Amino acid sequence: MKGQEALFSNKTDVWGTPQWLFDKLNDEFHFTLDPCSNGENNKCKEFFTEEQDGLSKDWSGGTVFMNPPYSNCQGWMEKAYEESLKGSTVVCLVPARTDTDWFCNLALKYGEVRFIRGRLRFGDTKINAPFPSCVIVFGKDIVQRSFHWITVKCGNLKE
Ligand SMILES: C[S@@+](CC[C@H](N)C(=O)[O-])C[C@H]1O[C@@H](n2cnc3c(N)ncnc32)[C@H](O)[C@@H]1O
């Protein structure tokens, strides 16, 4: 499966974070845990796989980078917010689905929102994602309801 077809399918559940974006965020947050991995695409030394089920684990003590399967953003964003209440900083790369419950009730209310200006290229794809993305940060050291923008490094940036 290639191009647009793959981007619109559940294949996006396993597509990797662009390295430049992870590096940029990692410089700022110094991540220790990636709870969404297949055991090969983890971005941190400490990680959970689908078999282990990161959703059911305790993330306490971690600084977490979360790029979840997009087929269940609601569940993963609820988990990210709950873990932040226990003290973790959780940085979430998610589609900018501004009409969803998780975006309105969790991201907008309790998160710091960083919209991605331009479209990301996930994994090793050569084309831009057909959807916009954003980074939501939950944690005690953030300014809730604040809005920022990250500009893509490559891709079709449009005014
Ligand atoms: C969008 S990919 C992110 C991959 C990588 N962490 C990254 O940021 O590039 C989501 C990953 O979550 C994994 N996954 C799916 N369900 C999971 C679960 N219940 N617990 C942990 N990982 C899961 C998938 O196998 C997939 O590799």
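Reader: What makes Lys 153 count as partly exposed?

Author: Let's set the value against the cut-offs: a residue is buried if 20 or more other C-beta atoms, placed from the backbone, lie within 10 Å of its own, exposed if 12 or fewer, and partly exposed in between. Lys 153 has 14 C-beta neighbours inside 10 Å, so it counts as partly exposed. Before we go on, a word on the source: this is a predicted model, where local features need pLDDT of at least 70 and side-chain atom pairs count only at pLDDT 80 or more, while totals for chains, interfaces and linings use all residues. Residues are numbered from 1 along each chain as its sequence is written.

Reader: Where does Lys 153 lie?

Author: Lys 153 is in the segment after strand S7 (147-151). Helices (H or I, at least four residues) and strands (E, at least two) are DSSP runs, numbered from the N terminus. The protein has four helices and seven strands, in the order α-α-β-β-β-α-β-α-β-β-β from the N terminus on.

Reader: Why is Gly 123 called partly exposed?

Author: There are 14 other C-beta atoms within 10 Å of Gly 123, so Gly 123 is partly exposed. You will find Gly 123 in the loop between strand S5 (112-117) and S6. Leaving aside neighbours within four places in sequence, Gly 123 is in contact with Trp 15 and Gly 16; contact asks for C-beta atoms, placed from the backbone, within 7 Å.

Reader: Why is S4 described as largely enclosed by the rest of the structure?

Author: Six of the seven residues of S4 are buried, so S4 is largely enclosed by the rest of the structure. S1 is mostly covered too, with five of its five residues buried. For the protein, 33% of the 159 residues count as buried.

Reader: How do you know which strands S4 pairs with?

Author: Two strands pair if DSSP finds at least two bridges between them. S3 and S4 have four bridges, in the parallel sense, and here Met 66 stands opposite Cys 92 in S4. S4 and S6 have six, in the antiparallel sense, with Cys 92 opposite Ile 136 in S6.

Reader: What makes a β-α-β unit right-handed, and which elements form one here?

Author: With the strands pointing away from the viewer, the path from the first strand over the helix to the second runs clockwise in a right-handed crossover. S3, H3 and S4 make such a right-handed unit.

Reader: What is meant by a nonpolar core, and which residues have the most contacts inside the largest one?

Author: A nonpolar core is a set of buried Ala, Val, Leu, Ile, Met, Phe, Trp, Tyr and Cys residues joined through C-beta atoms within 7 Å. The largest core has 33 residues, and Met 66, Met 77, Val 91 and Cys 92 have the most contacts inside it. Among the elements that give two or more residues to this core are helix H3 (73-85) and strand S4 (89-95).

Reader: How many residues surround the ligand, and what puts a residue near it?

Author: A residue is near a molecule if its C-beta atom, placed from the backbone, lies within 6 Å of it. The ligand is surrounded by 22 residues, with Gly 16, Cys 36, Asn 38, Gly 54 and Asn 67 the closest. S1 gives the largest share of the shell around the ligand, four residues.

Methods. Contact = placed C-beta atoms within 7 Å.
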